[in-house]
Amino acid sequence: MRFLSLFVGFLIASSTGLYSQNLNKQNFPEKKSVNRVELALPQVDGYTLLRCDFHTHTMFSDGLVWPTYRVMEAWKSGLDVLAITDHIEYRPYRKFTNGDLNAAYEIALPVAEEMGVMLIRGVEVTRKQGVLGHFNALFIKDANPIDNPNPELALKNAYDQGAFITYNHPAWALDTCLLTDFQKAMIDKGYVKGIEVFNNDEFYPRALSWSKDKKLTVFGASDVHGSITDDFGVHGSGASRSSFRPMTLVFVKEKNPEAVKEALLNRLTLAYFDDNVAGDEKLLTSLFLASVKAGKISGNEKQSVYRFRNDSGIPYHFSIGSKKYDLDPNSDILINLASDVKTVDLLVLNMHYYEGKHPLISISLEM
Ligand SMILES: [Zn+2]
Ligand SMILES: [Zn+2]
């Protein structure tokens with residue numbers, strides 16, 4: 001509870017201006033409340049979209065922060081679900097931490113529970129990139145037995161614990177996306193069911209194609225080692241290259257770990273990164289149509305003015321025929337179209353379902 005008391009203390013001190021009433025001790029400068037900023041997302045066909053980052057590191061591998069900091073940072077950056085996935089095989093501070101591979105999770109869990117962040121137990125199995133590669137095992141029960149010199153046995157142990165396993169950053173430190181014999185075998189055996197199509201600052205269109213062809217669940221993740229603000233900037237500062245950290249959006253009907261795991265198994269995810277969304281074409285279409293509504297404002301027999309409203313935090317860039325439009329988050333734009341059309345087809349350029357492919361979405365103009 002000590003952590004939460006500190007946290008609540010910020011809020012009280014700043015909201016009552018307590019410092020000004022005490023002549024013997026004044027806080028200067030006055031501390032600001034800690035704010036959480038969420039990516040606004042609509043309900044989509046009865047589903048809630050959870051904002052998740054399933055790939056982060058702490059000092060228990062080669063990260064630069066303590067596990068409780070990851071949780072507080074996750075809360076501030078609007079996450080609903082966080083996994084800490086420290087490398088099993090690469091732990092430069094192991095002399096100062098202990099040898100228990102569950103330690104980061106156990107340190108973070110009480111704070112996650114206090115703040116209402118769902119914490120998923122995970123690890124990163126880390127073998128030679130370009131040959132065996134890196135894999136995240138999520139929803140594991142015990143990280144220690146996954147430490148096995150045989151890479152297949154390591155993944156099998158995780159799988160036998162009920163883990164959901166992803167193939168991470170297929171082109172990191174390489175010139176192109178790779179699916180090696182080992183990675184193919186792990187997918188064919190059913191151990192690996194997910195793939196990162198986005199990691200930190202890298203998008204892998206080829207991996208997106210594999211997700212469709214091989215029926216893998218798509219992930220977008222920060223893989224953050226330092227701090228999220230160093231990697232992705234502060235919301236609204238204008239200095240960030242993206243307004244929100246990369247995330248996996250998970251479609252659920254209930255907010256609990258079982259529902260999240262079930263959604264991963266059913267491929268009910270989209271990858272969100274740098275104002276782009278990638279994944280299954282139907283899910284992209286559903287998200288877009290839940291976010292954007294269009295209706296006629298005025299017009300004559302030939303031409304009318306239609307108002308397009310975006311109720312989500314995701315900006316949309318689309319084209320109608322040869323014309324391009326930008327629809328900002330929580331904003332409206334006006335578009336001239338023929339008066340007799342009931343629907344219009346939008347090619348949504350910041351949505352991706354296959355390498356080089358954007359969904360063509362038919363939207364009703366009768367809001
Ligand atoms: Zn990795
Ligand atoms: Zn990693």
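Trainee: What covers the buried residues of H2 in this model?

Mentor: The model is a predicted one. The cover over the buried residues of H2 includes strand S1 (48-53), strand S2 (81-84), H3, strand S3 (118-126) and helix H7 (228-232).

Trainee: Which residues of helix H2 are buried, and what makes a residue count as buried?

Mentor: Helix H2 spans residues 67-76, and its buried residues are Pro67, Arg70, Val71, Glu73, Ala74 and Trp75. A residue is called buried if 20 or more other C-beta atoms lie within 10 Å of its own. Those six residues of H2 are buried, and therefore each of them meets that cut-off. Just after H2, Gly78 adopts a positive phi of about 80 degrees.

Trainee: Which residues of the largest nonpolar core touch the most other members, and what makes such a set a core?

Mentor: That core has 93 residues, of which Leu82, Ala137, Ile165, Val197 and Leu270 touch the most other members. Helix H3 (residues 103-115) gives the largest share, five residues. A set is called a nonpolar core if its buried nonpolar residues are joined through C-beta atoms within 7 Å.

Trainee: Which residues does Val197 touch?

Mentor: Leaving out residues up to four places away in sequence, Val197 touches Phe203, Tyr204, Ala207, Leu208, Ser211, Val218, Phe219, Gly220, Ala271 and Ala278.

Trainee: How many residues does the contact take from domain 2 and from domain 3?

Mentor: The protein is divided into domain 1 (1-34), domain 2 (37-279) and domain 3 (289-364). The C-alpha centres of domain 2 and domain 3 are 33 Å apart, and the contact takes 16 residues from domain 2 and 16 residues from domain 3. On the side of domain 2 that touches domain 3, helix H6 (205-213) and strand S11 (276-279) each supply at least two residues. The largest share of that side, five residues, comes from H6. By kind, the residues of that side divide into nine nonpolar, four polar and three charged.

Trainee: Why are strand S15 and strand S19 said to stand at the edges?

Mentor: Four strands form an open sheet in the order S15-S14-S17-S19, with antiparallel pairing. Strand S15 (323-327) and strand S19 (360-364) each have a single partner strand, so one side of each is left without a neighbour in the sheet. Neighbouring strands of this sheet are turned by 40 degrees against each other on average, direction ignored.

Trainee: Which strands does helix H9 lie across?

Mentor: Helix H9 (residues 281-291) lies across strand S14 (316-320), S17 and S19, and runs at about 30 degrees to S19.

Definitions and conventions: Residues numbered from 1 in each chain as written. Chains lettered and ligands numbered in written order. Predicted model: local features only at pLDDT ≥ 70, side-chain atom pairs only at ≥ 80, totals over all residues. Pairing = 2+ DSSP bridges. Axes fitted to C-alpha atoms, helices over the stretch in contact; angles between N-to-C directions. Contact = placed C-beta atoms within 7 Å. Buried ≥ 20, exposed ≤ 12 C-beta atoms within 10 Å, placed from the backbone. Domains from an automatic or database assignment. Nonpolar A, V, L, I, M, F, W, Y, C, P; charged D, E, K, R; others polar.
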